[in-house]
Amino acid sequence: MTTDMTTDMTHYSDYTTGEPVADTKAPDGPIEERWDTRRFTAKLVNPANRRKHTVIVVGTGLAGGSAGATLAEQGYHVVQFCYQDSPRRAHSIAAQGGINAAKNYRNDGDSIHRLFYDTVKGGDFRSRESNVRRLAQISVEIIDQCVAQGVPFAREYGGLLDTRSFGGVQVSRTFYARGQTGQQLLLGAYQALSRQIAAGNVELHPRTEMLDLLVIDGRARGIVARDLVTGEIRPYVADAVVLASGGYGNVFYLSTNAMNSNATAIWRAHRRGAYFANPCFTQIHPTCIPRTGDHQSKLTLMSESLRNDGRIWVPKAKGDTRPPAEIPEDERDYYLERIYPSFGNLVPRDIASRAAKNVCDEGRGVGPGGQGVYLDFADAIARLGRPAIEAKYGNLFEMYERITAENPYEVPMRIYPAVHYTMGGLWVDYDLQTTVPGLFAIGEANFSDHGANRLGASALMQGLADGYFVLPATLNDYLARHPGHDTPAADHPQITAVLAETTERLHRLVSVDGDRTADSFHRELGELMWEFCGMARTEQGLRKALDRIPQIREEFWRRIKVPGTEAEFNQSLERANRVVDYLELAELMCLDALHRAESCGGHFREESQTPDGEAARRDEEFSYAAAWEFTGTGAAPVLHREDLVFAYVHPTQRSYA
Amino acid sequence: MARTVWDSTVGKKTVMAVSGLVMLLYLVVHMYGNLKIFFGPGTFDGYAHWLRTLGEPFFHYEWALWIIRAALVAAVVAHGVCAYQLSRRDIASRPVGYVHTRARAGYATRTMRWGGVILALFIVWHILDLTTGTVQRGFVPGHPYHNVVAAFHDWWNNVIYIVAMLALGLHIRHGFWSAAQTLGAGSRRRDRALKTTANLLALLLTAGFIAVPVGVMTGLVS
Amino acid sequence: MKLTLRIWRQHDADAPGAMSTYDVDGISPDMSFLEMLDTLNERLTVEGEEPVAFDHDCREGICGACSLVINGEAHGPERTTSCQLHMRSFRDGDTIDVEPWRAAAFPVVRDLVVDRSSFDRIIQSGGYITAPTGSAPEAHATPVPKPAADTAFEHAECIGCGACVAACPNGSAMLFTSAKVNHLNVLPQGAPERETRVLDMVAQMDAEGFGGCTLTGECATACPKGIPLTSITAMNREWLRATRKVSRT
Ligand SMILES: Cc1cc2nc3c(=O)[nH]c(=O)nc-3n(C[C@H](O)[C@H](O)[C@H](O)COP(=O)(O)OP(=O)(O)OC[C@H]3O[C@@H](n4cnc5c(N)ncnc54)[C@H](O)[C@@H]3O)c2cc1C
Ligand code: HEM
Ligand code: HEM
Ligand code: SF4
Ligand code: F3S
Ligand code: FES
């Protein structure tokens with residue numbers, strides 16, 4: 001099995017089409033009743049028997065943390081993993097903006113149905129209605145749950161919860177905790193998890209990385225993981241496996257994701273039979289701090305709310321290197337206001353991002369390398385006064401100044417788009433089960449709810465909905481139907497084989513003893529992906545990338561240098577092993593982007609635009625989720641389509657002109 | 001409750017704070033009494049006599065004084081034992097220091113342990129010197145005025161006292177504020193007031209105590 | 001910029017460690033401190049030397065993973081995390097000492113990486129509100145007065161980095177523990193477990209081998225999230241209150 005890593009490094013091969021894949025778990029009937037119906041029809045496990053069931057949860061972010069705590073409360077024996085030294089550090093902690101919920105506390109016309117509607121529309125009609133409706137319904141309970149745990153959401157003077165509007169939505173439904181909503185929500189889940197750890201219901205393995213999935217007799221029965229401190233690789237068996245390992249945006253090297261976020265867990269599961277859906281759907285956030293040079297290791301997001309008061313512009317002339325203050329008003333191009341007069345600076349994320357790329361490609365970008373545009377607060381400061389701006393954005397301005405050493409009150413900010421979120425992920429049904437029985441995927445790791453574009457403040461909502469409410473209900477059903485008593489022995493041939501394969505892969509990484517670091521390959525791959533599978537994609541570019549990726553992969557296995565051994569704490573080895581998986585996933589992303597010859601949401605194909613340059617969706621051909629089946633590294637994968645039916649929200653073409 | 005307190009670092013610290021404040025209270029009174037020396041032997045010795053007859057006829061001779069002595073001994077012992085145990089623990093909690101060292105915290109804060117040791121030694125010396133007279137050549141029991149004057153005739157004894165009083169000032173400067181935090185009395189609003197009080201107390205006690213040896217040295221008291 | 005780095009190298013928990021000297025060149029003032037270390041590590045890797053191990057993840061000052069003592073100060077000269085410290089805070093030609101957090105309760109794992117699981121165990125001992133999923137009342141059922149909500153938030157900002165322990169001459173975890181106690185104890189939702197929470201967390205903190213607090217204040221100076229020293233005072237108050245109350249019942 002290991003040989004396919006090198007020998008199959010031929011050229012990119014096309015794909016074949018297989019049977020359509022269908023979600024067989026969502027009940028029929030009125031959409032408002034589906035979740036209740038499913039919960040009722042789901043089989044239950046006798047509480048006395050739950051202790052006998054072991055569930056593995058990989059990840060301790062919002063999705064994994066909430067799932068682990070809840071499953072343990074229900075009585076299951078949970079074995080949980082994260083690669084950080086503490087579950088509290090999962091990447092969810094970095095989310096700033098907020099979390100949506102259809103509470104309608106403002107009485108501004110919000111409702112579960114409106115949140116459902118906005119999410120389906122925001123996802124550009126590439127998500128599943130039944131899932132999204134459920135998400136909107138559960139959003140309400142999430143806020144109750146988090147408040148009960150002590151999450152310090154922002155409050156008004158009367159002591160009630162405050163909300164704000166986010167991402168151009170008409171209603172004010174975003175709950176927030178200053179700029180640290182993700183942190184506070186995660187701490188809530190972490191604390192609930194901690195309580196279960198103390199009670200002995202959760203066995204936690206921090207600094208332990210999942211490296212492969214154990215599929216035995218057609219069911220997911222465990223994982224192979226490496227203790228990052230001792231280097232020990234060992235199997236863990238269970239009755240079901242839940243992947244909550246987050247998104248794969250780091251395939252681009254530079255992104256707003258945490259440095260060690262990785263695709264290994266989901267990619268290895270994909271290699272073992274789980275379909276990967278819509279891998280090319282990535283979200284690019286328009287307001288990040290531009291990179292300062294080749295040393296850049298990650299990008300930092302600036303809250304979208306800045307666009308409410310800042311004006312975005314670049315010089316009209318190419319290569320204008322004058323300081324911004326010396327560029328007179330009539331030599332500036334407020335391009336968003338010019339192209340989209342009605343929405344101006346508040347156009348959706350993907351449109352703002354693409355427009356910035358276009359002006360920079362024209363050579364009108366500002367700052368080092370011309371990769372930036374101005375976000376100027378001079379007008380807002382003149383209009384509202386500096387104190388008002390300070391009250392609203394003070395902490396963001398401070399963060400900007402710390403990173404760039406420029407004072408945004410005096411010099412316009414420079415911003416540039418950056419990869420931020422991946423809508424694609426493991427294909428799951430309504431029960432959040434992948435195509436491998438017993439393998440579930442929750443949070444950003446699955447593809448479920450956001451279609452081709454995620455609305456701001458909806459990822460936190462989805463992660464918590466999955467972990468606190470959906471999975472604990474649906475996993476019962478699976479476990480009730482597979483009552484156990486058949487735990488595979490530790491020396492089961494399948495376990496020994498996967499263990500040997502993993503050990504060999506790591507050993508090979510340290511043995512190549514080449515002359516290039518894992519980071520150098522990762523950076524090279526990232527640049528390629530950003531160029532050809534980033535904000536705007538063309539057939540020609542994608543083909544170029546598909547030609548190039550196998551070459552990089554081949555070079556990687558020839559020239560990689562990993563000092564030290566696999567039997568010790570070895571951060572170089574961790575990185576290199578993650579790059580191995582990125583080098584395979586990247587290819588699937590490009591292939592998916594190539595096959596989807598339409599523009600939708602975050603996926604913009606230059607060939608598919610309206611005469612005035614807007615994204616053109618092609619519903620007749622592409623109203624489906626693309627679920628890919630793995631057939632071998634570099635080998636043609638199989639496409640399984642899941643047709644999307646829109647019975648409640650009628651597809652319309654987006655227009656912001 | 002006693003177990004909870006004694007087993008906990010926070011509890012031990014509470015014991016230190018309470019015992020420290022008891023000693024502090026005693027010292028304020030003691031300093032006030034000492035200053036009577038400037039009003040001549042009659043006043044001072046009279047005061048010493050009064051101390052011993054305090055509470056009569058309910059108490060017998062020296063009973064009240066013994067009660068105070070018992071409380072003080074308890075406070076010193078409790079304070080010292082906690083200080084010792086906590087200090088050992090603190091040192092063990094930081095087994096390896098930083099290669100790159102730099103000045104940390106304030107002087108008073110950093111010298112609490114050494115200051116405490118100086119004070120402990122001083123208390124022993126002071127009792128042998130002025131209460132029992134063991135170390136004093138010209139000691140006359142029952143004549144404190146005479147004894148004080150005699151004690152401060154030796155320049156080195158003045159040095160001992162003055163150094164000890166400076167240590168006391170520093171100890172109180174951090175100790176009073178620290179005790180307020182330990183007992184949960186501090187707050188952001190009150191912090192300034194507490195720090196000022198600590199400084200004033202430290203200054204007052206140091207100056208008040210030092211006044212006596214200085215008075216003897218300058219001949220103001222003889 | 002050209003710099004001389006003196007970095008603590010230690011192969012594992014049991015191995016002896018020592019400072020090693022490295023020269024780095026071509027450092028941009030715009031680099032973060034960790035990016036500067038990345039540059040060094042890239043070079044060491046290519047030269048076949050083992051790169052310097054250090055913890056990091058978010059690199060935006062929120063996950064609390066990064067943990068470097070730079071020139072004797074936890075997280076270095078600015079009031080921020082190591083990952084948000086930029087090289088412009090140093091001068092060309094400087095010699096910089098980089099060491100791991102030092103505390104008995106934070107044993108070194110390798111080089112600059114330490115084991116902070118003791119913090120997790122403090123939280124496990126009581127740093128939560130018991131609110132099993134599904135049992136929550138409507139969020140608006142209990143209004144939280146804004147001052148209490150703000151106080152809770154101020155303390156909830158702690159990122160669990162451990163700089164407080166690293167800076168404390170006694171290796172004390174009082175600031176970290178008090179941040180969590182105060183976050184939960186000021187909220188009405190946290191009231192039912194108010195006493196047991198503080199007693200259990202303080203007991204666990206002691207059991208982990210952290211030192212006692214002598215109110216040195218170094219912790220609050222080093223804390224990148226500005227958890228105030230009064231947090232410790234407030235926890236002492238809670239502890240005394242709980243001790244009295246629990247002994248009465
Ligand atoms: C800067 C930023 C700001 C954001 N702001 C918002 C916002 O305001 N609102 C919003 O709704 N969304 C926001 N998002 C998106 C949102 O934060 C994420 O989508 C969400 O938190 C993902 O949660 P998760 O639980 O799925 O995964 P994560 O939080 O990424 O957790 C992944 C977990 O899996 C573990 N793990 C990963 N791989 C392995 C492995 N191989 N072995 C073992 N363990 C592994 C990790 O240790 C970690 O515990 C933001 C994202 C970013 C990057
Ligand atoms: C027996 C001799 C003494 C020793 C060994 C000693 C030692 C110490 C030590 C080590 C501390 C802790 C340092 C700190 O909190 O930073 C301390 C605190 C303190 N000491 Fe002393 N000390 C002694 C005598 C005294 C005296 C005579 C007083 C009275 C004024 C006093 C008052 C205090 C107070 C108020 C504190 C603060 C307690 C707290 O923070 O809770 N000490 N002492
Ligand atoms: C210059 C400063 C001081 C002078 C002149 C002084 C003087 C005296 C005198 C004269 C006595 C004997 C009183 C009597 O027997 O009636 C005495 C007792 C005592 N002093 Fe001081 N004192 C000074 C400072 C201190 C300090 C700083 C402390 C504590 C830290 C202290 C603690 C005591 C104690 C505990 C006793 C014994 C009380 C008893 O048991 O009778 N003194 N002092
Ligand atoms: S209190 Fe401050 S220094 Fe200590 S762990 Fe929390 S954030 Fe870090
Ligand atoms: S530095 Fe240490 S001594 Fe106390 S005030 Fe902070 S924990
Ligand atoms: S790396 Fe996350 S806080 Fe520094």
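**Stop 1: ligand 2**

Start by selecting ligand 2: its site is shared between chains, because residues from chains B and C surround it. This is a predicted model, in which local features need pLDDT of at least 70, side-chain atom pairs count only at pLDDT 80 or more, and totals for chains, interfaces and linings use all residues. Residues are numbered from 1 along each chain as its sequence is written, chains are lettered from A and ligands numbered from 1 in the order in which they are written, and side-chain values use heavy atoms, with hydrogens and water left out.

Now show the shell around ligand 2, which holds 23 residues; a residue belongs if one of its heavy atoms lies within 4 Å of the ligand. The closest are Met16(B), His79(B), His171(B), Ser178(B) and Thr182(B). By type, the shell has twelve nonpolar, nine polar and two charged residues. Here Ala, Val, Leu, Ile, Met, Phe, Trp, Tyr, Cys and Pro count as nonpolar, Asp, Glu, Lys and Arg as charged, and the others, Gly among them, as polar.

Which side chains place a polar atom by an oxygen atom of ligand 2? For Ser178(B) the distance is 2.3 Å, for Thr182(B) it is 2.9 Å, and for His174(B) it is 3.2 Å. Colour helix 2 (9-35), helix 4 (63-92), helix 6 (112-131) and helix 8 (155-182) of chain B next: these are the elements that give two or more residues to the shell. Helices (H or I, at least four residues) and strands (E, at least two) are DSSP runs, numbered from the N terminus.

**Stop 2: chain C against chain B**

Select both chains and show the residues in contact (heavy atoms within 4.5 Å). Chain C contributes 45 residues and chain B 38. About 3300 Å² is buried between them, 54% of it on carbon and sulfur atoms. Buried area is the accessible area (1.4 Å probe) that two parts lose on being put together, summed over both. On the chain C side, pick Arg102(C), Leu215(C) and Trp239(C), which lose the most area to chain B, together 17% of what that side buries.

How many salt bridges does the rule find across this interface? There is one, the rule being a side-chain nitrogen of Lys or Arg within 4 Å of a carboxyl oxygen of Asp or Glu. To see it, select Arg188(B) and Glu154(C), whose closest N and O atoms are 3.2 Å apart.

Then colour strand 5 (95-99), helix 4 (163-167), helix 6 (194-207) and helix 8 (230-248) of chain C, the elements that each give two or more residues to this side. Helix 8 of chain C supplies the largest share, nine residues. This side of chain C divides into 22 nonpolar, 14 polar and nine charged residues.

**Stop 3: inside chain C**

The contact takes 20 residues from domain 1 and 21 residues from domain 2.

The two domains bury about 1300 Å² between them, with carbon and sulfur atoms giving 59%. Within domain 1, select Arg79(C), Ala105(C) and Phe106(C): they lose the most area to domain 2, together 40% of what that side buries.

Finish at the one salt bridge found between the domains. Asp55(C) and Arg116(C) form a salt bridge, with their closest N and O atoms 3.5 Å apart. The side of domain 1 that touches domain 2 has eleven nonpolar, six polar and three charged residues.

Note on methods
A polar contact is a pair of N or O atoms within 3.5 Å; within protein, one must be able to donate a hydrogen and the other to accept it, and residues adjacent in sequence count only if both atoms are side-chain atoms.
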